[in-house]
Amino acid sequence: MTLPLRPRAEALAAPLPPLLAEASQLARGVVLGEHGRRRPGMGDAFWQYRTAQPGDPARSIDWRRSARSDVHFVAEKEWQAAQSVVFWVDRGQSMQFSSEKNLVTKADRAALLSLAAAVLLVQAGERVGLTDMGIRPMRGEVQLGRVAERLADKTPQDYGVPDVSILPRHSRAVFISDFMADPGPVEEALATAADRGVQGVLLQVLDPSEEAFPFDGRTVFHSMGNTLEFETRKAGELRDRYLARLARRKERLTAMAGLTGWRFHTHHTNDSPASALLWMYQALEGRA
Amino acid sequence: MFTLSPIGFVTPWLLIALAALPILWIILRAIPPAPIRRAFPGVALLLGLEDEDSEADRTPWWLLLLRMLAVAAMIFGFSGPILNPEPVETGSGPLVVLVDDSYAAAPDWRPRLEAADRRLEAAASTGRRVAVVALNDLPPEGGLPLRSAADAQARLDGLLPKAWPVDHAPALDWLDTVDEGFDTLWLSDGLAGDSRAALARELQSRGALTVSEPPAPRIGLQPARIADGMVRLSATRSTSDAAQTIDLTGQGPDPAGIERELARATLTFEQGATEAVTEISLPPELRNRIARFEVEGLRSAGTVTLADDTLRRRKVALIGGDSEEGLELLSPLHYLREALVPTADVLEGALSDLIAASPDVVVLADVPALAPSDKDALEEWVAEGGLLLRFAGPRLAAADTGRAEEDPLLPVRLRVGGREVGGAMSWGEPRTLAPFPEDSPFYGLAIPDDIEVTSQVLAEPGPLLAERTIAELVDGTPLVTRKTLADGQVVLIHVSANAEWSSLPLSGLFVQMLERLAVSTRTGTPDAGELEGTTWVPETLLDGFGALDDAGERPGVPGEELTQGVGPDLPPGLYADEDRRVAVNVIGEDTVLRPAAWPAGVVPEWQGEREETDLSGWLLLLALAALAVDVIASLFLTGRLSGKRGKAAATAAVIGVALMIAPQYARAQDEAKATPIDEAALVAAAGEVTLAYVRTGNAQLDRVSEAGLQGLGQQLFARTSVEPVAPVGIDIETDELAVYPLLYWPVEETQPAPSSEAYAKLNAYLRGGGMIVFDTRDGDVAGFGSGATAEGTRLRSLARPLDIPPLEPIPNDHVLTRTFYLLADFPGRYFGQSVWVESSPPDAERAEGMPFRNLNDGVTPVLIGGNDWASAWAVNENGSPMFPVGRGFAGERQREMAYRFGVNLVMHVLTGNYKSDQVHVPALLERLGQ
């Protein structure tokens with residue numbers, strides 16, 4: 001845990017195959033780098049031959065192939081275009097929570113997951129960025145460095161609000177938060193994203209104690225930033241009602257995601273981050 | 001100090017704080033346990049939830065109660081509660097501790113001194129000056145012997161009870177010479193005294209009087225008597241409130257001469273009775289050996305009654321001449337029988353049979369001559385200490401026995417015929433007895449007027465006659481003559497044993513004379529008249545605790561004073577006059593013990609053995625424990641008990657409580673461990689060869705003994721197949737000896753003599769094949785048994801009651817010289833001194849062709865020397881010698897020889913005469929060869 005964030009993220013990303021958009025190409029596993037769209041277009045990789053149509057520029061004709069038959073063929077390349085993936089990582093105070101000393105905070109876990117995904121995407125040639133970074137998604141190691149640097153920032157707010165200031169059209173988005181705050185802003189952000197044709201995933205990172213509510217006795221609960229307080233004499237009796245509320249929150253997020261074509265997943269900080277990364281990876285590529 | 005019956009408080013004003021408890025209750029009740037503040041991002045989801053339970057925030061009642069308990073315990077704890085508090089020392093000015101140092105105070109002497117000690121400690125803290133006054137040992141007149149309380153404590157600890165009662169009258173006189181005022185602590189013995197009340201009033205007039213008196217009744221054991229062949233034991237006590245049972249034991253020497261319990265009885269005081277009587281039946285042999293009866297468990301001169309001649313019944317063999325049938329009253333034995341049967345065991349029969357029964361006295365009534373074999377046997381018996389009492393008579397007068405020369409069995413030569421006076425055929429008046437001379441055993445006996453002697457045998461005048469005459473008639477002719485024969489004596493009464501020659505046998509004087517001659521014994525306490533003119537020398541004396549002590553050289557006591565009751569001039573004990581013994585006991589037959597009567601206003605108190613106990617520690621512990629429980633309960637209430645940290649806190653609290661209690665347990669276990677009976681150690685010692693030494697009470701000496709046996713054990717381990725375990729220190733009073741093959745007993749000058757039980761155990765040990773090595777450690781400067789050193793003297797007194805066979809210096813061919821090493825000398829730190837072992841039988845002979853005699857079979861039970869072997873053997877924990885031996889190489893050689901002696905010694909103990917048998921090896925080999 002003492003390693004800086006980026007080496008840790010890279011270490012996590014290392015065992016994963018490069019993030020490729022399509023499963024078939026993943027299976028072939030030959031193409032490193034560009035993100036094939038399985039349709040003809042601009043790119044370096046051969047896609048198919050087709051008979052030349054009127055209007056095709058002459059220099060697009062593949063003469064070697066045409067010489068073997070009577071018609072002219074044009075060699076089409078597979079359309080390879082880099083995808084933009086933007087991350088919104090909740091950096092509010094609530095994410096700084098960890099219930100036990102040997103558990104990482106939710107913020108740590110969220111940063112790790114997002115950066116790992118970014119590393120994978122950059123390796124796959126995609127452009128990555130943060131919604132609140134101020135610059136458009138870019139590719140390359142330098143960008144990873146910027147993202148990592150930016151992830152270390154914290155906001156003083158108790159609960160983060162999704163920032164959709166940079167959300168290019170038809171890009172992919174990853175929202176990582178505990179979604180404990182009022183879900184209104186999240187809904188708005190999702191609506192905005194849907195408007196821009198952006199699809200993505202909602203990854204809820206929770207501490208195990210938030211899932212189990214192992215409290216009892218007279219307790220004053222307060223938020224990390226001390227803006228909210230709640231006192232109870234018998235915390236144990238609240239457990240069921242709390243858990244019901246949590247389940248309702250998850251349902252609501254799932255429903256919102258379903259409406260907008262997003263995917264929702266809950267990850268706990270005491271689980272392996274690799275599983276969450278794998279899920280994110282699959283969710284991102286499944287809707288390629 | 002504020003006192004609530006058994007509990008007092010040092011700082012009672014702290015108890016005011018108890019009044020604050022209700023306020024505390026209200027405050028605590030209003031303040032529930034503080035909530036935990038917990039950061040929890042999920043709080044956003046909780047907002048708006050309500051507690052189902054609408055009860056107001058209050059501390060639960062049981063937690064409140066717990067806290068109240070803790071606080072109350074703390075308040076009580078800090079206010080210094082004390083169980084059984086000593087009455088606080090309030091007075092000032094001098095304090096007099098008045099001690100009834102009588103026999104009656106002896107049973108609880110220690111507790112009463114301790115009670116006074118506590119009072120003195122209090123006095124010391126206030127700086128009061130104290131005088132300790134023992135009533136039997138009054139200080140000189142004219143003032144209080146005041147000293148500091150600490151000095152007084154030392155003086156008090158040195159006080160011992162006397163064996164006689166206290167008299168308070170001299171104390172009153174002494175008080176008249178003191179004109180100060182003072183407070184008094186009177187340690188009363190609880191018995192009534194003539195001047196006790198007067199003294200108490202006088203003391204009250206001087207200052208505050210506190211009387212400390214144990215409530216237990218004082219018990220006095222009255223002299224044992226013989227009634228109808230049974231031993232009658234009776235006791236009296238001072239109060240009769242409750243039924244009480246006491247055990248009596250009769251102590252006396254067994255046939256081996258070792259004092260042991262010979263009889264046992266139980267006396268039961270009924271409720272309301274001050275007297276208890278029981279009778280036990282004892283065989284005469286046993287009864288005659290009983291030296292004293294004592295009450296078990298009560299150490300006091302009053303609970304011991306010494307047995308004297310009244311308990312003994314002498315065996316008297318009566319042998320008379322032939323008497324004509326039917327003339328019973330004329331039989332020479334009739335009056336003797338009448339006089340002796342009540343007080344002695346009378347045997348009659350043939351002389352040879354009677355001597356075999358070893359009588360104390362043989363009476364020959366008018367038997368002039370005996371068969372030669374009987375005569376020799378009788379002579380031998382007299383020479384061994386018998387008393388032969390002969391009476392004259394017609395036959396003796398007629399016989400020629402002792403005419404020409406002195407018969408060994410007659411004290412004087414007799415003239416032929418005798419004489420008659422005052423009879424019908426003779427002139428003159430019947431003679432009467434002359435007063436007994438001062439050196440006569442009959443001196444002091446009153447002579448009745450009506451005793452008349454009409455016939456007598458006359459002694460041949462001679463130079464020895466006057467000396468041998470112990471009673472004579474008014475005309476100077478002998479009536480009783482006596483001579484000693486070796487250890488015994490022969491007494492001749494010059495008249496007949498029947499009433500023919502004189503009226504003496506009809507008189508009471510006859511019986512008294514027989515008693516004086518120790519032919520018969522008294523049945524009761526002698527009265528002053530009987531004892532007139534005798535002088536009694538104390539043999540053994542009782543101390544206040546009822547222990548017997550050798551009287552040492554003390555002047556004799558006139559007989560008439562013996563009956564006057566014990567006191568400083570007549571300490572209780574056993575007094576002897578020639579062969580007779582009279583016991584002077586503290587409690588006489590008619591002694592009545594009455595409880596002390598105190599004037600109004602004096603209430604005796606008795607702290608007894610109850611010690612002040614400071615309860616504050618326990619209360620504070622209780623408070624701490626309650627608070628610890630409160631920690632757990634609070635954790636539980638606030639939900640901190642779940643979760644890892646909560647569990648850790650709870651564990652810590654539990655451990656904390658355990659730690660507070662643990663030391664108490666540990667101490668209790670230590671105490672349990674200190675009990676002497678350690679069977680496991682005994683079993684371990686029995687399983688291995690364990691060398692043992694006798695603990696002398698001198699720590700340094702015991703350490704040396706232990707180190708010595710340790711060093712010897714190491715050498716044995718290295719050199720031989722004997723592999724002893726660590727040596728063991730033995731307390732011969734309490735420890736089992738049988739499992740140790742060898743006892744090393746360093747003799748220490750100040751060592752207390754073992755009890756008779758311990759001696760019995762030691763004798764059993766020696767008989768069972770054990771061996772004791774006595775080491776006087778003095779280099780035996782002046783030779784064995786000379787008593788030149790204190791240790792040598794002590795050894796003699798220590799070893800006297802032991803069954804030790806005749807000893808001799810180790811002969812050159814003793815098996816000890818060759819059990820492992822061949823040795824000529826047996827050095828320790830000293831050398832060259834002879835070492836003594838059981839002597840070889842006189843008939844030991846050198847076997848043919850063998851270099852050694854066939855010596856005694858078995859192991860010598862003792863080995864006595866003064867070479868300080870343990871010091872030569874002793875090694876410290878590093879294994880190096882603790883003490884130097886000799887100088888340089890020669891010294892080391894001497895140490896080596898000392899180890900060799902030790903090896904031989906242990907080998908001798910373990911293998912017996914095995915090496916002795918080795919002398920037969922050539923013969924055995926020769927036989928096998930054939």
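**Close-up 1. Pairing of strand 32 with strand 33 in chain B of the predicted model.** B:Tyr693 has B:Gly729 of strand 33 of chain B as its bridge partner. Strand 32 of chain B, residues 690-694, pairs with strand 33 of chain B in the parallel sense, and four bridges join the two.

**Close-up 2. The open sheet of chain B.** Seven strands of chain B make up this open sheet, in the order 33-32-34-35-38-37-36. The pairing within the sheet is mixed. Strand 33 (725-730) and strand 36 (807-809) of chain B are the edge strands, each pairing on one side only. On average, neighbouring strands of the sheet are turned by 25 degrees against each other, direction ignored.

**Close-up 3. Helix 19 of chain B on the sheet.** Helix 19, spanning residues 699-719 of chain B, packs on the sheet and touches strand 32, strand 33 and strand 34 (742-746) of chain B. The direction of helix 19 of chain B makes about 150 degrees with that of strand 33 of chain B.

**Close-up 4. Packing of helix 4 and helix 5 in chain A.** Helix 4 (residues 106-123) and helix 5 (residues 141-151) of chain A pack at an angle of about 170 degrees, their axes lying 10 Å apart. Because angles over 145 degrees count as roughly antiparallel, helix 4 and helix 5 of chain A are roughly antiparallel to each other. Helix 4 of chain A contributes A:Ala111, A:Ser114, A:Leu115, A:Ala118, A:Val119 and A:Val122 to the contact, and helix 5 of chain A contributes A:Gln143, A:Leu144, A:Val147, A:Ala148 and A:Leu151. Of the residues in this contact, nine are nonpolar, two are polar and none is charged.

Conventions. Residues are numbered from 1 along each chain as its sequence is written. Chains are lettered from A and ligands numbered from 1 in the order in which they are written. This is a predicted model: local features need pLDDT of at least 70, side-chain atom pairs count only at pLDDT 80 or more; totals for chains, interfaces and linings use all residues. Two strands pair if DSSP finds at least two bridges between them. Axes are lines fitted to C-alpha atoms, for helices over the stretch in contact, and angles run from 0 to 180 degrees between N-to-C directions. Two residues are in contact if their C-beta atoms, placed from the backbone, lie within 7 Å. Angles under 35 degrees count as roughly parallel, over 145 as roughly antiparallel, 65 to 115 as roughly perpendicular and the rest as oblique. Ala, Val, Leu, Ile, Met, Phe, Trp, Tyr, Cys and Pro count as nonpolar, Asp, Glu, Lys and Arg as charged, and the others, Gly among them, as polar.
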